[in-house]
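Have the sequence and the model open side by side.

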Amino acid sequence: MVREMQQRKSTFGRPSGTDGSDYSYRMVVDSRYQLVAKGKKRLSLLFIIQALFLLIGAIIAILPGIEKDNLNTIAFYSLIVSVVSLIIAEIGRRRSRPTLLRFYAVASSVAMLLFIASLAKQYSLLKAIKDFSFAKTREFDADDFPGFQAGILVYLLTLLVFNIFTIKAVISLLFNMSPPKKAS
């Protein structure tokens with residue numbers, strides 16, 4: 001048994017019992033499959049980060065609605081659609097289902113645009129950009145506090161850029177998952 005283990009641990013980097021002449025018979029993994037594996041790993045990390053962004057978005061969308069008794073329903077429902085599409089995308093990533101990843105790309109993009117537009121309207125972000133001054137605030141009020149609105153604006157822009165980056169990674173993975181076209 002010890003002798004077998006020593007034969008397996010070759011110091012020259014090849015298994016014992018071969019002289020290296022069998023190299024031409026070994027299988028090589030196509031680079032496309034390696035790219036798919038790397039793309040799936042990258043998407044896994046991007047999905048985790050996007051879930052954190054959605055959690056922050058849920059806090060931003062829900063908390064002001066609790067205080068004023070009117071929930072931003074467009075933002076809330078777009079977050080639900082984003083979470084559902086993210087779960088579907090994770091299933092598509094794990095099982096290599098291009099149709100699920102395509103659905104995610106479309107649903108996530110539409111939901112993010114609706115979410116961003118509804119929060120921009122709720123917090124009057126255009127007004128915050130025009131009137132950016134801390135001298136006007138005396139109390140912490142989310143609607144009249146330009147610093148809070150600027151933070152929301154930075155969050156939304158970061159979310160938009162990150163969503164574009166994630167969609168680009170999904171498209172790259174879809175391109176590598178598709179079978180190569182045969183020359184005719």
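## Salt bridges

The structure holds two salt bridges (a side-chain nitrogen of Lys or Arg within 4 Å of a carboxyl oxygen of Asp or Glu). One of them pairs Glu90 with Arg93, and their closest N and O atoms sit 2.6 Å apart. Because they are three residues apart in helix α3, about one helical turn separates Glu90 and Arg93.

Keep in mind that this is a predicted model: local features need pLDDT of at least 70, side-chain atom pairs count only at pLDDT 80 or more, and totals for chains, interfaces and linings use all residues. Residues are numbered from 1 along each chain as its sequence is written, and side-chain values use heavy atoms, with hydrogens and water left out.

## How α3 meets α4

Helix α3 (residues 73-95) packs against helix α4 (residues 98-122) at an angle of about 160°, with the axes 8 Å apart. So α3 is roughly antiparallel to α4 (that label covers angles over 145 degrees). Sort the residues of this contact by type and you get 18 nonpolar, six polar and one charged.

## A greasy patch

Ile48, Leu52, Leu55, Ile59 and Leu63 make a nonpolar surface patch of about 490 Å². Patch residues have over 30% relative accessible area and no salt bridge, with nonpolar side chains joined within 5 Å; areas come from the Shrake-Rupley method with a 1.4 Å probe. Look for Ile48 in helix α2 (residues 31-68); helices are DSSP runs (H or I) of at least four residues.

Conventions
Patches are made of residues with over 30% relative accessible area and no salt bridge: like charges are joined within 9 Å, nonpolar side chains (Val, Leu, Ile, Met, Phe, Trp, Tyr) within 5 Å. Helices (H or I, at least four residues) and strands (E, at least two) are DSSP runs, numbered from the N terminus. Axes are lines fitted to C-alpha atoms, for helices over the stretch in contact, and angles run from 0 to 180 degrees between N-to-C directions. Angles under 35 degrees count as roughly parallel, over 145 as roughly antiparallel, 65 to 115 as roughly perpendicular and the rest as oblique. Ala, Val, Leu, Ile, Met, Phe, Trp, Tyr, Cys and Pro count as nonpolar, Asp, Glu, Lys and Arg as charged, and the others, Gly among them, as polar.
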